[in-house]
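Hi there,

Here is the structure I promised to pass on. Please have a look at it first, and my notes follow below.

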Amino acid sequence: MPVEVDAYRTKPQAISAAQARGKVGTHIEPVDLMAALLGLVTAWANASPALKSLAPRTPASDRQQTFRTAMMTAVRAVSAP
């Protein structure tokens with residue numbers, strides 16, 4: 001749908017601009033990087049119950065913070081210049 005395409009359009013453009021400034025690596029095309037990052041940050045929500053059962057038993061907010069910290073580390077690694 002055009003409205004959905006328009007909603008995404010600015011994100012790869014922002015990644016491209018960050019690449020041009022040397023803030024984000026150029027080894028991955030902006031749209032591919034965007035897709036990879038979306039996959040990373042939605043991984044826990046889409047994980048199977050079996051995988052989720054392996055996570056340490058912590059309050060929900062702690063689990064969310066642990067995952068957020070891990071994803072921030074992964075995003076930095078994937079997008080590093």
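Let me start with the charges: the chain has 9 positive and 5 negative ones, and their mean positions lie 10 Å apart. Lys and Arg count as positive and Asp and Glu as negative, with His and the chain ends left out; each charge is placed at NZ of Lys, CZ of Arg, CG of Asp or CD of Glu.

A word on the source: this is a predicted model, where local features need pLDDT of at least 70, side-chain atom pairs count only at pLDDT 80 or more, and totals for chains, interfaces and linings use all residues. Residues are numbered from 1 along each chain as its sequence is written, and side-chain values use heavy atoms, without hydrogens and water.

On the fold, the chain contains 5 helices and 0 strands (DSSP runs, H or I of at least four residues for helices, E of at least two for strands, numbered from the N terminus). Of its 81 residues, 21% are buried, meaning under 20% relative accessible area with a 1.4 Å probe, protein chains only.

Leaving aside residues up to four places away in sequence, I15 touches V24, P30, L33 and M34, with contact meaning heavy atoms within 4.5 Å.

Best wishes

Key: Buried < 20%, exposed > 50% of the residue type's maximum accessible area, 1.4 Å probe, protein only.
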